[in-house]
Amino acid sequence: MSINFDKIIDRTNRGARKIDYPLLCGEPKDAIQMWIADMDFETAPCVKDALKDLVDYGVFGYTDFDNKYFDAVISWFKKRYNYDLKSEEIVRTPGVIFALAMVVKAFSNENDSVLIFNPEYVAFREVTILNNRKVIESNLKLENNKYYIDFEDLEKKIKDNNVKILMFCSPFNPCGRVWTKEELIRVARICTDNNVIIVSDEIHMDFVWGDNKHIIFLDALKDDKDLYEKTSRLTIINTSASKTFNLAGLQVANTIIKDKNLREKVEAEIGKTGYHRISQTAQVALMAAYTSEGYKWTGELKKYIYENILFVKDYIKNNIPKIEVIDTEGTYLMWFDFRKYGLRDEELQKKLIYEAKVHLDNGLKFGSLGEGFMRMNVATSRANIEEALNRIKIAFE
């Protein structure tokens, strides 16, 4: 299998939020869009073929593949992570953010506290606020170009605010951390000691670099039977093929819940929405993605993206050294520290968009500790990345 990831695809006027939305906001037409977390690559050929076959079939009535669908998910987790899943543990949803909202509704009441880290994925904060819950933040510590959890602060915030839910990115968005087994165990102990629901968002699980290894949250605890059993009764794991195979527009995700009582509460909340099925196209795409052909394709994809990450690090080190690149252990999102330029956040954003003509994600979106930082999506062609970096170099140096 040989895929041309260098191919540049024109996504304008296709409804792509990444491309068309900034144009509606008045940004330069020739700005390079490297913000929202979707890829500029075509999906895997096996997915395209399956969707073409569905279109040729031409019947789009109510559809539930059930066993075939669950078997595909179970097979993927076993092959990639040696993780054993049962079909009854899988709850299909149209997206991870939808699942987050259902968890908030199921396990907290208005004005209850939900804890997120700072900085962390913006949707965690939005879902909490929009459902009239209180956002409690635990600040991550940046040490030697790498972020760490402040476990003492985490535990204190949970106790002081009677926190009901912890929302947790693994791998971590936007900072690129891949949590170790020891870190996951400490999070589990704190949450079980305080009866806190753990939502582990593992949507970027297939993108881990170098010697780092993604550990599914509950898998980190399997050597401690007592902790595993306690944590299983509190843990919800969100996953999706949408990042790995660029399927966000098809609306498909899987929420993994081992505990029957927990699972029934989430399913009841989903039932209240009247939106308890995913589309036929979403099911077909996922079943095609989670095959041996999809597995091989992701191998080539990951190789290309990792080379992009190394290219960016090397370029910035040699050409724009005032930008600090935070260690990227996982995800296809890179986290840059621009603070040495001494610009206010608004000035920094304007300089990038209107002088460099490169749109990165503003760090403040992810919390107050994101001030002076920017997030770059490197799941795009090497030529696109090189052009963007050249523009940033000219504008800032």
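Does Cys191 count as buried or exposed, and at what relative accessibility? Cys191 counts as buried, at 0% relative accessibility (buried, under 20% relative accessible area; exposed, over 50%; partly exposed, in between; 1.4 Å probe, protein chains only). The model is predicted, with local features requiring pLDDT of at least 70 and side-chain atom pairs pLDDT 80 or more, while totals for chains, interfaces and linings use all residues. Residues are numbered from 1 along each chain as its sequence is written, and side-chain values use heavy atoms, without hydrogens and water.

The structure holds zero disulfides (pairs of cysteine sulfur atoms within 2.5 Å). The sulfur of Cys169 lies 9.2 Å from that of Cys175, the closest cysteine sulfur, which is too far for a bond. For Cys191, the nearest cysteine sulfur belongs to Cys169, 14 Å away. Cys169 is buried, with a relative accessible area of 2%.

Glu183 is part of helix H7 (residues 181-193); helices (H or I, at least four residues) and strands (E, at least two) are DSSP runs numbered from the N terminus. Glu183 is buried at 10% relative accessible area, and its side chain forms a polar contact with that of Arg177 at 2.7 Å (N or O atoms within 3.5 Å, one able to donate a hydrogen and the other to accept it; residues adjacent in sequence count only if both atoms are side-chain atoms). Beyond neighbours within four places in sequence, Glu183 contacts Tyr148, Phe151, Arg177 and Val178 (heavy atoms within 4.5 Å).

An open sheet of seven strands shows mixed pairing in the order E2-E10-E9-E8-E7-E3-E4 (at least two DSSP bridges per pair). Strands E2 (90-93) and E4 (134-139) stand at the edges, each with a single partner strand.
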